[in-house]
Amino acid sequence: MTIYGGRIFNRGRVERGYLEVSEGRITKVLEDAEPDVRGLIIPRLVNSHTHLGDAAFSARFAEELDRLSGAPLPDRIAALFAPPDGMKHRLLESTEDADIIDGMAGALRTAYRNGQYSMVDFREGGVAGIDLLRSAADTCGKERPEILMMGRPASGGYDRLEIDEVLDRSNGLGLSGMADMEYSTAKSLATHVHARGKLLAIHVSEVERDDIEKVMALRPDLVIHMRHNAPSDLHALNSAEVPIAVCPTSSGRLGDVPDIGSMLDAGCTVLLGSDNAMVSAPDIVQELAFAGAELDLGESHLERLLGASGKGLNRMAIIDFDPGQRADFTVLEGDFEDLRHMVGSGPAEARVVVTPDGERRG
Ligand SMILES: [Zn+2]
């Protein structure tokens, strides 16, 4: 029997509390106890947006970002990320599969160690690209989060047979920006993915504002970024209950942190992602801490972000703790009064990750 806690994020807010765990199950939720591990208990978290495929390129990325430091933001993003000629896509083309797989496997292990429950990965390169991610996952054995795989066509166009093959191997499509393809192509892809009952995610308003009506007509399950938006865009997403995944650390490194406060004030569900692995390591506690500090978010905003990152796209991790449940949570070690306090203290490096199989130091 082990007792964890001091503070606990339970049912959407931080309160005083402890969990008693025995044989992989929560046996008691206590208001007072002498814990074996003291800290703030939070759910294991879902990373709602990654591109793990470029993990192998982090050194090259840092050099290139340096070189582009004087360029305007849209030019920087295009030079680094735009398909097919941006740095990332050139490197994905020219790098040996084994090196790409090694990079992805390393990122998966990092995410597992720091307490991530699952990841929504956006895999480039069509069917072959998805198979690389599967190989990386296999090399990790059990030491990795669950993965929702989002594929995309290798050509960028719509080929019915190719999309069927991609969807056979994945959970859905994770499309590049609206500006990167013909709208008719986006429509065909969206129709196909819905007919197959799979997920559709798309990068929206990353560099400049996209037409939200065209986006909504695709009936996405998830949109990424929304860095440039009008209040009516957020209203449309909230009304249709389409969550937004934002990537604070990566966006901040490129020079533009998304205005998460206005998204939350508009009622939107905001999920956290770590984006390209060559830009930032997959760590959602770090994303919460960075966003909270950079944007000076209040406690209720932080609570909503944390709760949403436990649920993910489809209530993935356990976010309400009760006796009898399987033990599955992370303890951020320290004496944190609340989330503001945790954010103000830095990204809580010392962690204990508790799973039904036992605990490990993150
Ligand atoms: Zn992305």
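Which residue in β6 is the bridge partner of V46? In β6, V46 has S118 as its bridge partner.

This is a predicted model, in which local features need pLDDT of at least 70, side-chain atom pairs count only at pLDDT 80 or more, and totals for chains, interfaces and linings use all residues. Residues are numbered from 1 along each chain as its sequence is written.

**View 1. Strand β5 and its two partners.**
Strand β5 covers residues 45-51. Helices (H or I, at least four residues) and strands (E, at least two) are DSSP runs, numbered from the N terminus. Seven of the seven residues of β5 are buried, and the strand is mostly covered. A residue is buried if 20 or more other C-beta atoms lie within 10 Å of its own, exposed if 12 or fewer, and partly exposed in between, with C-beta atoms placed from the backbone. Two strands pair if DSSP finds at least two bridges between them. β5 pairs with strand β6 (residues 116-122) in the parallel sense over four bridges. N47 has M119 as its bridge partner in β6. β5 also pairs with strand β13 (residues 275-276), again in the parallel sense, over two bridges. Here H51 stands opposite N276 of β13.

**View 2. The open sheet of nine strands.**
The strands of this open sheet follow the order β12-β11-β10-β9-β8-β7-β6-β5-β13, and the pairing is parallel. β12 (270-272) and β13 are the edge strands, each pairing on one side only.

Axes are lines fitted to C-alpha atoms, for helices over the stretch in contact, and angles run from 0 to 180 degrees between N-to-C directions. Strands of a sheet pair through backbone hydrogen bonds, either parallel or antiparallel. Within this sheet, strand β4 (residues 37-43) and strand β14 (residues 329-333) run antiparallel and are joined by five bridges. L40 stands opposite L332 of β14.

**View 3. The hairpin of β2 and β3.**
Strand β2 (residues 13-22) pairs with strand β3 (residues 25-30) in the antiparallel sense over five bridges. Y18 has L30 of β3 as its bridge partner. The hairpin has two residues between the strands, and E23 takes a positive phi near 50 degrees.

**View 4. Helices α4 and α5.**
Two packed helices are described by the angle between their axes and the distance between the axes. The axes of helix α4 (residues 97-113) and helix α5 (residues 126-140) come within 8 Å and cross at roughly 55 degrees. α4 and α5 are therefore oblique to each other. Angles under 35 degrees count as roughly parallel, over 145 as roughly antiparallel, 65 to 115 as roughly perpendicular and the rest as oblique. The crossing of α4 and α5 is right-handed. A crossing is left-handed if the near helix is turned anticlockwise from the far one by less than a right angle, and right-handed if clockwise. Residues making the contact include I100, M104 and R109 of α4 and L132, A136 and C140 of α5. Two residues are in contact if their C-beta atoms, placed from the backbone, lie within 7 Å. By class, the contact of α4 with α5 has ten nonpolar, two polar and two charged residues. Ala, Val, Leu, Ile, Met, Phe, Trp, Tyr, Cys and Pro count as nonpolar, Asp, Glu, Lys and Arg as charged, and the others, Gly among them, as polar.

**View 5. R109 in helix α4.**
R109 lies in helix α4. With 18 C-beta neighbours inside 10 Å, R109 counts as partly exposed. Leaving out residues up to four places away in sequence, R109 touches C140, E143 and R144. R109 and T27 lie 82 residues apart in sequence and 29 Å apart in space, C-alpha to C-alpha.

**View 6. Helices α12 and α13.**
Helix α12 (residues 284-295) and helix α13 (residues 299-311) have axes that come within 11 Å and cross at roughly 160 degrees. That makes α12 roughly antiparallel to α13. Their crossing is right-handed. I284, L288 and G292 of α12 meet L302, L305, L306 and S309 of α13. This contact of α12 with α13 has five nonpolar, two polar and no charged residues. A293 also lies in α12, and with 16 C-beta neighbours inside 10 Å A293 counts as partly exposed.
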